[in-house]
Amino acid sequence: MAATRPTMKDVAAEAGVSTMTVSRVVNGDSAVAPRTAARVEAAVRKLGYQRDDVARQLRRTHQLSQIIGLLVDDVTDPFMAAVASAAEDVARQRGSIMLIGSSRADPRREREVIAAFTARRVDGLILTPAAGSHRFLRPAQAQGTKIVCVDRAAPGLDVDAVVVDNFGAVRAAVAQLVTHGHRRIGYLGDTPKIWTFGERRRGYLAALRAAGIAADPALVRDGVRTGPEAAAAVTGMLALPDPPTALLAGNELLAFGALTTAPGDLAFVAFDDFALAARLTPPVTVIAQDPVALATSAAHLLFARIHGDVSPPRTVVMPTRLIRRGSGELPGPFAA
């Protein structure tokens, strides 16, 4: 059976004083007689008593907890790790600590982590939403918890969001592949129920339509989350009677997996830059976004809300860059 956490009453009984006296000592009140304060401090050390700052906040609801919650898809993902680090830096500068969790794209896990955060009276949440509706957060909003989404919008939730133009970025990248003579262009992405991947898939299909190319379902692989799954998907595409001559990978993790299988003459574009992209042969053309700028903007928006900004929720769209390194410029069968 777990030991009971010592309370202020326990300390008072051990020191032979009132709980009010214990409260004054642990809160640094110099009006307590030195000998009495010494007895209380000795009892605190003996019992291992620790002041419960969350309980104090529950009694003083007009004060902020100075705790922020950050929930991303997977904190081990390099992109999400950069988001977490940048957001934590802003929180530290603002005198707050940050609790960090991962949803792993599981809506149930997402709810569990958010419930744990709100139970600790976080002042606000920075959220990279999983798939599905987020109306369940409305009660927390009504109770004063501020929420800002980063990287993805949250359907059913009217809050600030900091995102990039996923649709436009992918549409432009696929259009470039078309101009280099490619008409069989594959796509790898996670479930389109996740907002970012829904937008990227939509951009891919829009570029094909604009070029008069019929989308081939065999070249569109959704629900791909890991490197090995991406490698298997590419292997399957290459085994088709009419395989792709170009491929767009929906993020850097899928790019890593795809590149373990993709032949050197397959034109290739990855969404997200990564450390080795410029050193591979050929160097990898990427759609680059800035996770630090995304997270920093989201954190500043959140603190503005916490400190009284009541303007209408807004969506901030950050820029992307198509960095042409060579793989996305390989000529296709219809090159002029």
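Predicted model: local features only at pLDDT ≥ 70, side-chain atom pairs only at ≥ 80, totals over all residues.
## A right-handed helix pair

The crossing of helices α5 and α12 is right-handed. Helix α5 covers residues 78-93 and helix α12 covers residues 291-306, and their axes come within 8 Å while crossing at roughly 40°.

## A second pair at the start of the numbering

Helices α1 (residues 8-15) and α2 (residues 19-26) also pack together, with axes 8 Å apart and an angle of about 105°. Since 65 to 115 degrees counts as roughly perpendicular, that makes α1 roughly perpendicular to α2.

Here M8, K9, V11 and A12 of α1 meet T19, V22, S23 and V26 of α2. What is the make-up of this contact, in nonpolar, polar and charged residues? It divides into five nonpolar, two polar and one charged.

N166 lies in helix α8, which spans residues 166-179, while T196 sits in helix α9, residues 195-210. Is N166 buried or exposed? Its relative accessibility is 1%, and because buried means under 20%, N166 counts as buried. T196, at 2% relative accessibility, counts as buried too.

Leaving aside residues up to four places away in sequence, N166 touches W195, T196, E199, R200 and F271. One of these partners, R200, is also joined to N166 by a polar contact of 2.8 Å between the side chains. With sequence neighbours up to four places away again set aside, T196 touches D151, R152 and N166.

## Backbone points worth a look

Most residues other than glycine have a negative phi, and most peptide bonds are trans.

Where is the cis peptide bond? The bond from T281 to P282 is cis, with omega near -5°. P282 lies in the loop between strands β9 (267-271) and β10 (285-288). That loop between β9 and β10 also holds D272, whose phi is near 95°, a positive value in a residue other than glycine. With a relative accessible area of 5%, D272 is buried.

Q66 has a positive phi as well, near 60°, and is likewise not a glycine. Q66 is found in the loop between α4 (53-59) and β1 (67-72). Is Q66 buried, exposed or partly exposed? At 43% relative accessibility, Q66 counts as partly exposed, because that class runs between the 20% and 50% cut-offs.

Conventions: Residues numbered from 1 in each chain as written. Heavy atoms only, no water. Axes fitted to C-alpha atoms, helices over the stretch in contact; angles between N-to-C directions. Helix = DSSP H or I, 4+ residues; strand = E, 2+ residues; numbered from the N terminus. Left-handed = near helix turned anticlockwise from the far one by under 90°. Buried < 20%, exposed > 50% of the residue type's maximum accessible area, 1.4 Å probe, protein only. Polar contact = N/O pair within 3.5 Å; in protein donor to acceptor, adjacent residues only side chain to side chain. Contact = heavy atoms within 4.5 Å. Parallel < 35°, antiparallel > 145°, perpendicular 65-115°, else oblique. Nonpolar A, V, L, I, M, F, W, Y, C, P; charged D, E, K, R; others polar.
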